[in-house]
Each structure stands twice: as C-alpha cells, then as structure tokens.
Amino acid sequence: MKKRNYSLIIGLILTGIILIITIIGQFWTPYAVTGMDSLAKNQAPSLIHLMGTDNFGRDVFSRVMNGCGTTFFVALSTVAIGCFFGVIIGSLTGFYGGLLDEIVMRINDVLLSFPSVLLVLIFISFIGTGKYKIIIALGVMFIPSFARIVRSEVIRYKSQEFVRSAQVMGAGNLRIIFVHILPNTAVSLLTAAAIGFNNAVLAEASMSYLGLGVQPPDPSLGRMLSEAQAYIFTAPWYAIWPGVVIVLIILGFSQISEGLRAISD
Amino acid sequence: MKYFIKKIITLIITLLFISLLTFTAFSVIPGDAAISKLGVDASPEAIARVRAEYELDQPVMTRYVHWLEKALHGDFGQSYKYDTMTVTQLLKSRLPVTILLAVMSFVIIVVIALPLGMLSARFAGKWLDVLINQLTQITMAIPSFFLGIILTYVFGLVFKVFQPGGYVSMEEDMKGCIEYLILPAVAVALPKIAMVVKYLRNSVLSEMKKDYVRTAYSKGNSVNQVLYGHVLRNALIPVITFVAMVVAEILAGSLVIEQVFSIPGMGRLMITSISTRDYPVVQAAVLYITSIVVIINFLVDVLYQLADPRVRTA
Amino acid sequence: MDKELLKIENLTIGFPTKSGIHTVVDHVNLEVGKGEIVGIVGESGSGKSMTSLAVMGLLSEEAQVSEGSIRLNGQELLGMSREERRKIQGRNMSMIFQEPMTSLNPVMKIGTQVGESLKLHTDLDKETIRKRVIETLASVGLRNPETLIDQYPHEISGGMRQRVMIAMAIINHPDLIIADEPTTALDVTVQAQILNLLKKIHRDTGSSILFISHDLNVIKEVCQKVVVMYKGVIVERGDAKEVLKHPKHEYTRKLVASMPDQVKKSQNTKKLLEVSNLNVYYKENKKLFSSKNQRKHIIHNMSFDLYEGEILGVVGESGCGKSTLAKTIVGLNKEFDGKMEMDHLKPQMVFQDPFSSLNPARKIGWIMEEPLKLKGIKDKKQRKEMVDQMLVEIGLDPSFANRYARELSGGQRQRISIGLSLMRGEKLIIADEPVSALDVTVQSQILRLLLKLHDEKNLTYMFISHDLNVVHHMCHRVIVMYLGRIVEMADVDELYDHPCHPYTRMLFDSILTDEEKTATDCVTVNELLQDASENEGGCPFYHRCHYAGEKCLNDVPALTDIGTPGHPHYVRCERIEYGEKYTAAD
C-alpha cells in the first residue's frame with residue numbers, strides 16, 4: 001500500500017538544482033554581477049543573455065545566480081537561529097510547565113498572531129536595515145513558532161509511558177528531554193524548518209522589495225524585483241525571472257515539507 | 001460570562017503591553033529624533049528646543065503615560081516629516097484604504113476558498129481534488145508582490161484594462177477606487193485562498209475519519225447530509241482559528257501590495273516613515289495595526305466559543 | 001423464532017495490498033433468526049468487526065467484497081445502490097458502536113442525534129419526534145430526558161453516553177441491532193448495567209441482536225448462539241453456553257482456557273514494602289489568572305504491607321486511585337505525605353499500554369540498555385550481553401535488539417516492557433494493568449511469563465487490574481479500592497468466597513464469571529444509584545450503597561479486621577464495625 005513519496009522527491013530535485021546553480025553562482029557567473037554594458041540595455045532573453053539584461057545592461061541570469069546565495073544565506077541563518085532557540089525554549093517550557101511556561105507561551109501567542117512580514121517590519125523600524133539586521137530580525141521572529149511546535153511535541157510525549165518508564169529507571173530530566181524525547185520530534189522539526197525556510201525567503205524578498213532588507217551592493221532577488229517594476233512594460237523579463245526563481249525556491253521547499261508531513265502521518 | 005470578562009481583561013492587558021512595548025522600543029533606538037528633524041549641523045540650542053517640544057528630555061515612563069493619555073483621546077502628536085499634519089490626520093487619510101483593501105481580499109478568499117475546500121474534500125483523491133491541490137501548491141509559492149507585478153503586466157499591457165498608478169481616492173470616486181483595488185485584492189488573496197482551501201480540506205478529511213461519521217451513516221444519512229449536517233460544523237471549528245491568522249496575513253499583505261500598486265494606504269505611510277525616521281507616525285501606525293490584529297483575534301476567540309459547545313461549558 | 005432475519009452466505013472481504021488481496025473475512029456463513037441474539041467472538045484481526053460493518057454497509061472504500069451475499073428479510077444487501085441502502089440503514093437495522101465518546105457528534109445536541117433516524121425515515125413532525133426521543137431516552141434508564149435532549153455528549157458520563165447510543169439505535173424499532181463491543185470501553189459495574197439493558201430491550205421489543213465481542217463472558221451472558229472467528233474464518237458455532245463449556249476447536253479451547261493456574265502462596269513474612277498513612281494529592285498546574293492553589297486529594301490514609309515473594313492485587317473502578325498509588329510507589333508522584341518504607345529498593349514498573357511504553361524513536365536494544373547505563377555499567381559489551389540474555393528470558397530472540405517497537409506485536413512489546421523493568425535487577429515490580437490492552441490469548445501468555453519470572457527470580461509484584469478474573473488467578477492477596485480508600489483487603493480466596501463490603505459485592509455481582517450464576521438477574525445494584533461522587537465527611541460509598549444508614553452519612557467507618565489470626569480480613573463498613581454478622585445469603 002505504500003505510495004511513493006513524490007512530493008519529497010520532486011522537492012529535493014528542485015531544491016537540489018537551484019542549490020547547485022546558487023553555489024556555482026558564488027564563484028563563477030557568466031558575466032560579472034555588477035558589470036554594466038551600456039550597449040546591451042534591456043535586452044530580451046537570448047542565448048547570450050539567458051534571462052536578458054536590465055536597464056544598466058547587467059546580465060539578469062548572473063545576478064539571479066548570485067542573488068540566490070543571499071537568499072539562501074539569509075533564510076538558512078534565520079531558520080538556524082529560530083530553530084536553536086526555539087528548541088531550547090520549547091522543550092524546557094513544555095517539559096516543566098508551570099508559571100514560566102504560561103508567561104512565555106502567552107507572549108508567544110501574541111507574537112504568533114502577527115504575520116511575520118508585519119513583525120519584521122516593526123522590528124526593522126527599531127533596529128534598521130541591512131543583511132545581518134534582517135537575519136537577526138527574522139531569526140528572532142521565528143523563535144516562537146519553533147518553540148510552539150517543540151513544546152506541543154514535548155507535552156505530547158512527556159505524558160507517554162516511555163517517558164514515565166525512563167523516570168522510573170532513574171533518568172534525569174535533562175536526559176529525558178534531550179535523549180529520550182527530542183529524537184521523536186525530528187520529523188516535525190524538519191517539517192517546521194522547511195516551512196520556516198519558505199517564510200524566511202518570502203519575508204526577506206518582501207523586505208528587500210520594500211527597500212528595507214538587504215542593501216546594495218549585496219544582490220537580492222527581492223530588490224531586483226522592485227528595481228524591475230519600473231520597466232515592467234519595456235523589459236518584463238527583468239521582473240519575471242527573479243520572481244520565478246523565488247517561486248521555484250519556495251515550491252521546492254513546500255514540496256519537501258509536504259513530503260515530510262506524509263512521512264510523519 | 002465569566003469567560004468573556006476574563007477575555008476582555010486579557011485583551012486590555014495585551015493592548016497596554018503592546019503600547020508600552022512600541023513606545024519604549026522607539027524611545028531607546030539610537031538616532032535622536034531632533035537631529036533627524038533638524039539635520040546633524042543644527043545648533044545645540046535648536047536641538048534642545050526641539051527636544052523639549054517633543055518632550056524628549058523627560059524619563060521614558062512619564063512620556064509613556066503622557067503619550068498614552070493623549071493617544072486615548074486620539075492625539076498622537078505631530079509628524080516630524082509632514083509639519084503641517086498631525087499623526088491622527090495622516091492615519092485618518094490612510095487607514096480606510098488599507099481596511100477596504102483588506103476587506104475586499106477577505107471577501108474574495110471566503111467566497112472562493114470555502115466552496116473549493118469543500119469540493120476538494122468531497123472528491124478527495126479524484127481528479128478534481130488533485131487539480132485543486134496542484135493549483136494551491138503553486139499559488140501558495142507565489143509572493144503576493146510578485147503576483148501583483150505579474151497582474152499589472154497582464155492586465156495593464158496585454159489586456160489593457162488596468163492603469164497602473166491610476167489610483168483614485170475614495171472621496172473622489174468610490175466606484176473607481178474599488179475597481180482599482182480589485183487587482184491588488186486578488187494579489188493579496190490568491191496565495192491565502194490556497195492556504196484556506198488546503199486547511200479546510202484537511203480538516204474535513206480528518207473529521208470524516210472520526211467515529212461519529214460512521215454513526216451518522218449507520219442512520220441512513222447520505223454523503224451530502226453527513227458532510228453538511230454533521231462534518232462541516234466540526235471541521236470549521238479549527239478553520240475559525242486559522243482564519244484569524246489569515247486576516248492578520250491579509251493586513252500584512254496589504255501593506256506590501258500598496259507599494260506595488262502605489263496605493264496611499266497605511267503600508268506606504270509606514271514604509272516612508274520608517275525610512276525617514278518619522279517615529280511618531282511609525283509608533284501610531286504600529287499601534288493601530290497591532291491593535292486591529294489583537295482585536296480580530298479576540299473576536300475570533302469569541303466566535304470559537306460560540307461554535308464549539310465543548311469550550312463553551314468547560 | 002424460526003423465521004430467518006439475516007442470512008450471510010460465503011461472505012469474503014479483502015484489502016488490496018502490494019502482494020495481492022489480503023483477505024480479512026473468508027467465506028463466512030451466518031444466520032440470525034427473528035428475535036435471536038447471536039454473538040460473534042474473536043480477537044482483534046479476526047474479522048468480526050469487518051463482518052458487522054459489511055452487514056451495516058459501512059465498509060471503507062478500499063475494502064473489496066469479492067464474494068457472497070448478505071440478505072436481510074430476504075432482500076440482498078450487497079450490490080445495492082447507496083440510495084437503496086440508505087432506506088434500510090437506521091430503519092430496518094441500526095448499530096451500537098464501541099466508543100460512546102467518539103461515536104457521538106460532539107457539536108450536536110443529544111436530542112437531535114437520537115431523533116435523526118426518525119427525521120430521515122419517517123414524516124413525523126418535530127413535536128412528535130421530540131416526544132419519541134424523550135420516551136426512548138427514558139426507556140433506556142436515563143433520568144431527566146427533557147433536559148438531556150438539549151445537552152451535548154461531553155456533558156454526560158460514559159455510561160450515559162452508551163445509553164444514548166442505545167436509545168439512538170432502538171428509536172426507530174429496527175429489526176436488527178448490531179452491537180459492536182458495546183461495553184468494552186466501560187467500567188465493570190456500568191458494563192453489567194448496559195448488558196442488562198440490552199437484554200431488557202430484547203425482551204420488550206423482540207429485535208434481533210448481532211452481538212460482537214472479544215469477551216467470552218459477555219457473550220455467554222447475552223447471547224443464545226455464538227460463532228467463533230479466527231483470522232477471518234468461523235472456526236466453531238453453536239449454542240453459546242454449550243460452545244463455551246465444551247469447546248471443540250483448538251482455538252476456542254485456547255480462548256476459554258486462557259487463565260493460568262492459580263499460584264501457590266509464598267510463606268515469607270519479610271516485609272518488602274510498608275505503606276502507612278499514605279495521602280496522595282494531585283496538584284493542578286498553576287494558571288496565570290487563578291489565585292486558587294488547586295490540590296485534589298486522591299488517596300486517603302492508606303496503610304498496607306507487601307511481603308517478599310507476594311503478588312498483591314489492587315482492584316477498583318477507573319478513577320479509584322489505583323494507578324496513582326502505583327505511580328507514587330515508583331516515585332513518579334511527589335505530592336504525598338505519609339510513609340513508604342522499602343529499604344533501598346527502587347521498584348520498577350510495567351505499564352499498561354504497550355504502544356506508548358517504548359520509545360518509538362529508539363531501537364529495542366538502546367531502550368533496554370538505558371537502565372544499565374543509568375545504573376552506571378560502562379562496559380558496552382557487558383550491557384549488550386545482559387540485554388541479549390534478558391531477551392531470551394522473556395521469550396524473544398536476541399535479534400529483537402535491532403528492531404524498533406513499531407515492528408513488534410502488542411504481546412512482544414509487553415514482553416519487552418517486562419524485561420525492561422527487570423534490567424536493573426530490582427525485586428519489586430509494580431504492574432499497572434499489564435494485560436488489559438492485549439487480546440485474550442496474548443493476555444494468558446503474558447500472565448504466564450509474569451508468573452514464570454516471579455518463580456525464577458523470586459520477584460514481588462503489586463498487580464493492579466480492573467479485571468477481577470485475572471486478579472483471582474494471579475494474586476495471593478487483594479486490596480479493593482474505592483475513591484482513594486481501601487474498603488476491603490484479604491487473602492484472595494477469603495475475599496472471593498466471602499466478600500463483605502457492599503462495594504466489593506457490587507463488583508463481584510457485575511462480573512461475568514466462568515461459573516454459572518444461580519440467580520437469574522445478576523445485577524443487584526440499584527441502577528439509579530450511579531452517583532459516584534464523594535460523600536464529604538461520611539462513608540465514601542454512601543451514595544451508591546443499598547444498606548446506607550444515617551450513620552454512614554456523617555461518619556467515616558474504620559478499617560476493621562474480621563479475619564482469623566494469620567489471615568486478616570479488613571473491611572471498612574459501618575455494619576461490620578457494629579458487629580453485624582455477615583451472612584452469605586445477605
């Protein structure tokens with residue numbers, strides 16, 4: 001009866017291809033990322049310029065290749081921050097419960113009821129813009145969602161008899177949390193990480209599009225879109241390609257998370 | 001009744017908490033407002049004068065109480081940037097557009113997503129469900145601002161039925177305003193439609209597996225009678241909570257999409273104010289938007305109580 | 001009686017798998033006559049539920065009926081269109097399900113749910129339906145049906161919910177009622193009431209009942225005829241009492257004789273555990289907005305001893321505090337006062353649910369090594385050897401160390417669970433309902449394993465169970481608990497031969513034992529006295545007791561010894577305290 005996990009396979013292949021191109025793009029691109037060519041402004045996609053050129057005559061494909069790196073870097077660091085602190089906060093509050101748990105979770109609930117873009121917008125207005133600041137802002141914003149997932153998993157498992165059994169054997173609380181319970185949460189954590197990754201890509205792109213995220217000279221898919229918008233009627237490829245790449249990245253990860261969820265069911 | 005009182009108290013505490021947080025946060029950020037208003041070359045006297053004018057020389061708590069007192073009367077002070085306008089006037093001119101846009105998106109979502117979700121669940125595993133599932137997967141991956149740009153291109157250049165930047169204000173022409181807002185509303189709504197469809201479908205399907213559904217069939221109910229008479233209400237209970245999240249997402253989406261379609265709403269105001277460090281405006285805007293989100297959550301909570309008898313009596 | 005109502009012929013049901021069709025019901029033939037009660041008995045996976053779902057037309061879409069016919073009143077049910085079938089469901093036949101909690105719609109009022117089949121199949125007006133619903137609810141022994149119809153399922157108790165389910169099934173006077181394990185989820189005392197109710201309905205209405213159960217005693221109590229199913233095949237059929245008394249097929253014999261022989265009592269008088277004046281509380285988690293510090297008193301002033309080599313049974317209904325007692329003894333519950341003396345012992349525990357008692361993310365080997373690691377055995381090879389040896393002792397192959405718990409059957413998991421509790425080499429084992437989640441034949445294997453290890457390793461057990469038959473066979477001495485107190489405590493034979501406390505007798509009256517009952521109507525409990533709430537300051541059993549007098553309302557009776565020297569028999573009852581003579585005919 002076991003069905004092939006097509007979602008996971010498609011997601012991994014898609015993400016893999018983009019990742020390879022991105023990694024290459026950090027060392028080599030067909031044209032210099034910031035290289036302008038006044039003779040080749042706003043050219044349509046062709047064999048010479050796969051994704052066309054922009055209003056300065058820069059090669060869109062090269063810029064996309066390189067810009068993906070920023071996107072991946074921001075998203076991965078963000079998820080890492082959110083995951084790390086989320087796991088610690090979630091597992092401790094979930095296991096011990098009590099007043100601290102209640103307070104932390106109330107704050108969590110308030111934060112979670114806000115969409116991440118809005119929260120980041122607010123956060124950015126406090127700490128300012130830039131690549132590392134957006135990482136911090138997004139990372140902090142993602143802590144609650146990871147904390148909540150880990151907490152609910154820990155609560156689900158802590159009343160199970162295998163945990164009681166470990167207690168009766170004489171295992172300490174920290175050993176129970178990190179050695180007995182946490183391995184059980186791996187799949188849901190991975191799923192959450194994939195979803196978080198998507199939210200991070202989306203939030204980073206939105207912020208950069210609004211001019212509040214990654215700042216020049218760092219290339220960014222979101223900022224390319226905002227630059228391209230002015231030329232949407234004359235050079236639509238300039239806007240479409242970075243957008244399509246964002247869509248593909250998100251699609252890849254959402255397929256992965258879909259596949260992971262199928263495993264956990 | 002006791003429950004509602006408790007909820008309302010929580011609501012008020014949350015609102016106070018948020019207002020305190022926004023206020024203190026904006027008070028401790030580096031970059032003096034007086035300098036940002038007058039420029040770095042301003043004389044110390046001029047700066048001191050402006051500081052006193054904006055009460056920047058007082059302790060934070062005093063300023064907070066003072067500010068809150070005035071805020072409750074609808075007075076958020078003066079904008080640094082737009083000298084002639086109070087913050088309240090600015091917000092008043094911008095907020096209605098954003099709310100209209102959000103309401104339009106919400107209506108689009110509900111009208112399209114609920115029937116689609118039910119259809120998808122009703123024909124789970126069949127081609128219609130697979131088709132809907134694939135479409136939702138793809139639409140969910142499209143960021144709303146990119147969708148906005150595409151829509152501009154398609155309807156502006158290809159079909160020539162849309163004039164980008166041709167926004168008319170509500171006061172001038174309500175009908176024209178709504179017409180202009182349709183594309184932005186669709187851009188905000190589409191990814192969320194996918195989310196709601198998927199969520200409703202899964203909720204219905206997980207309900208369909210429960211024992212009471214078998215009981216309902218054993219009494220001779222038809223599939224539709226079971227689906228709409230027994231399952232729907234149970235399935236909608238978790239969806240209600242989810243919709244609260246979606247409403248918040250719509251608000252955020254509207255903020256971003258305003259930039260794409262050059263709509264003078266809260267979003268554009270916030271973004272310009274953030275870049276120009278016009279803190280009284282940012283402060284008030286943040287407070288307004290967060291309050292709206294918190295109040296919507298409160299209302300959804302109440303709705304949840306009414307929908308689920310188990311929570312009501314517990 | 002001779003007229004045939006339901007006739008199943010050659011029914012074969014299968015599920016498609018990678019390696020072809022997996023048959024779960026194999027050429028089953030079965031008849032139910034008008035006014036008959038026919039039982040299907042079998043363990044999980046025997047196909048008994050699948051058969052009943054096929055009759056009811058509720059098979060899932062993956063299930064394939066490849067052969068056979070099902071006729072109700074001569075009308076073929078298989079191959080009927082959905083529309084035709086709907087006209088029969090809820091009108092000619094109805095079904096009572098196992099889980100009364102989940103089988104009722106949580107957001108629909110009870111009245112609406114009970115009246116639904118009338119709404120679907122008759123053109124009665126609203127008012128008439130309402131009246132019929134109230135009448136039917138009253139007829140199944142529910143009080144205040146007028147208020148009940150506006151309540152939701154979560155507002156009433158499990159026993160009441162099952163009555164609601166029954167009312168729902170009988171309201172439209174169906175010819176056939178299918179009852180699928182209708183009492184399995186209920187307490188013994190409630191179970192007896194529900195069975196009596198079903199028999200009464202059968203007497204009053206003449207409906208035929210197809211009764212599905214894994215419990216032989218329940219089947220014998222209710223059914224006239226029985227079929228025994230094993231792996232999708234009917235292995236034996238006939239008169240219910242005859243089949244269960246003189247089983248012919250090997251499997252039926254295994255089912256009937258599933259209890260191990262009773263154990264001999266050890267003569268050891270060394271106290272291993274001394275519990276005195278134990279009070280246990282349940283502390284509710286602090287909430288942000290509640291000032292009250294909630295603390296529920298679960299166990300009241302309990303005192304008892306446990307001798308080396310003994311098997312002490314603890315029985316009582318769910319909620320009586322027997323599991324809390326177990327948790328407190330093994331140190332899982334810190335909210336208690338009183339004394340528990342057990343010199344340097346670290347009692348280990350065998351848990352009830354074999355599906356949640358083993359860590360799903362770890363291999364069996366890792367799980368079983370954990371107690372050794374915690375004990376400080378650093379040598380990896382030594383640990384592995386000890387695990388292998390234990391696996392053999394619990395009747396499994398050492399290769400099980402490399403498997404995950406999900407790859408094991410319920411019985412195998414419970415073996416691992418028992419082995420795990422022995423890894424530290426402790427002598428005192430608390431077993432909390434160790435077999436109640438298992439099939440009958442597996443139960444007997446696990447009980448035998450427990451007894452074997454008891455002999456080999458000179459273990460001492462505290463054996464907690466709601467199953468009085470199991471306790472009878474397993475234990476030397478028994479404690480009966482009610483609302484957190486010991487109400488009776490004596491040697492097993494003394495207790496089972498001369499139960500003194502009204503509650504103990506109520507328990508014994510409700511169980512359906514292997515022996516024939518002399519009385520025709522076995523349940524003596526007044527069904528209206530179901531209120532198990534606490535009687536503050538008086539006898540805890542006051543609300544449910546037939547003999548309760550004025551004194552019982554205000555005084556808590558003391559635990560009194562009425563036994564012979566060397567064989568104490570403690571009872572907590574006013575009547576005993578006042579020297580009222582106990583007589584067997586009472």
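In this predicted model, strand 11 (residues 271-283) of chain C runs antiparallel to strand 14 of chain C, and five bridges join the two. One of the residue pairs is C:S276, whose bridge partner in strand 14 of chain C is C:K339.

**Chain C as a whole**

Chain C contains 20 helices and 21 strands. Of its 586 residues, 44% are buried. Among the contacts in chain C with a separation of 6 or more, 68% are between residues 24 or more positions apart.

**The eight-stranded sheet of chain C**

An open sheet in chain C is built from eight strands in the order 15-16-17-13-18-19-21-20, with mixed pairing. Its edges are strand 15 (348-350) and strand 20 (560-561) of chain C; each has a single partner strand, so one side of each has no neighbour in the sheet.

Within this order, strand 13 (residues 311-315) of chain C pairs with strand 17 (residues 460-464) of chain C in the parallel sense, over four bridges. C:I311 has C:Y461 of strand 17 of chain C as its bridge partner.

Helix 11 (residues 322-329) of chain C lies across strand 13, strand 15, strand 16 (428-432), strand 17 and strand 18 (477-482) of chain C. The helix runs at about 150° to strand 16 of chain C.

**The four-stranded sheet of chain C**

Another open sheet in chain C has four strands in the order 2-1-4-5, and the pairing is antiparallel. Strand 2 (20-33) and strand 5 (75-76) of chain C are the edge strands; each has a single partner strand, so one side of each is left without a neighbour in the sheet.

Strand 4 (residues 64-72) of chain C is joined to strand 5 of chain C by two bridges, and the two strands run antiparallel. In strand 5 of chain C, C:Q75 is the bridge partner of C:L72. Helix 1 (residues 48-56) of chain C lies across strand 1 (4-17), strand 2 and strand 4 of chain C, at about 115° to strand 1 of chain C.

| Strand pair in chain C | Sense | Bridges | Bridge partners |
|---|---|---|---|
| Strand 11 and strand 14 | antiparallel | five bridges | C:S276 and C:K339 |
| Strand 13 and strand 17 | parallel | four bridges | C:I311 and C:Y461 |
| Strand 4 and strand 5 | antiparallel | two bridges | C:L72 and C:Q75 |

**A helix pair in chain C**

The axes of helix 3 (residues 110-121) of chain C and helix 6 (residues 158-170) of chain C come within 7 Å and cross at roughly 30°. Helix 3 of chain C is therefore roughly parallel to helix 6 of chain C. C:I110, C:Q113 and C:V114 of helix 3 of chain C make the contact with C:V164, C:A167 and C:M168 of helix 6 of chain C. By class, the residues of this contact between helix 3 and helix 6 of chain C are five nonpolar, one polar and no charged.

**Where chain A meets chain C**

The contact between these chains takes 20 residues from chain A and 25 residues from chain C. On the side of chain A that touches chain C, helix 3 (98-112) and helix 6 (161-169) of chain A each supply at least two residues. Helix 6 of chain A gives the most, with eight residues. The residues on this side of chain A divide into eight nonpolar, eight polar and four charged.

**Where chain B meets chain A**

Here 31 residues of chain B are in contact with 29 residues of chain A. The elements of chain B that give two or more residues to the side touching chain A include helix 1 (2-28), helix 11 (266-275) and helix 12 (279-307). Helix 10 of chain B gives the most to this side, with seven residues. The side of chain B that touches chain A has 24 nonpolar residues, six polar and one charged.

**Helix 10 and helix 12 of chain B**

The axes of helix 10 and helix 12 of chain B come within 10 Å and cross at roughly 170°. Helix 10 of chain B is therefore roughly antiparallel to helix 12 of chain B. Among the residues that meet are B:L236, B:I240 and B:V247 in helix 10 of chain B and B:I289, B:I296 and B:L303 in helix 12 of chain B. The residues of this contact between helix 10 and helix 12 of chain B divide into 16 nonpolar, two polar and no charged.

An unreviewed UniProt entry places the feature "domain: ABC transmembrane type-1" at residues 95-300 of chain B. Over residues 95-300, chain B is 83% helix and 0% strand, and the end C-alpha atoms are 22 Å apart.

Conventions: Residues are numbered from 1 along each chain as its sequence is written. Chains are lettered from A and ligands numbered from 1 in the order in which they are written. This is a predicted model: local features need pLDDT of at least 70, side-chain atom pairs count only at pLDDT 80 or more; totals for chains, interfaces and linings use all residues. Two residues are in contact if their C-beta atoms, placed from the backbone, lie within 7 Å. Ala, Val, Leu, Ile, Met, Phe, Trp, Tyr, Cys and Pro count as nonpolar, Asp, Glu, Lys and Arg as charged, and the others, Gly among them, as polar. Axes are lines fitted to C-alpha atoms, for helices over the stretch in contact, and angles run from 0 to 180 degrees between N-to-C directions. Angles under 35 degrees count as roughly parallel, over 145 as roughly antiparallel, 65 to 115 as roughly perpendicular and the rest as oblique. UniProt positions are given in the numbering used here, feature names are shortened, and annotations may be inferred rather than shown by experiment. Two strands pair if DSSP finds at least two bridges between them. A residue is buried if 20 or more other C-beta atoms lie within 10 Å of its own, exposed if 12 or fewer, and partly exposed in between; C-beta atoms are placed from the backbone.
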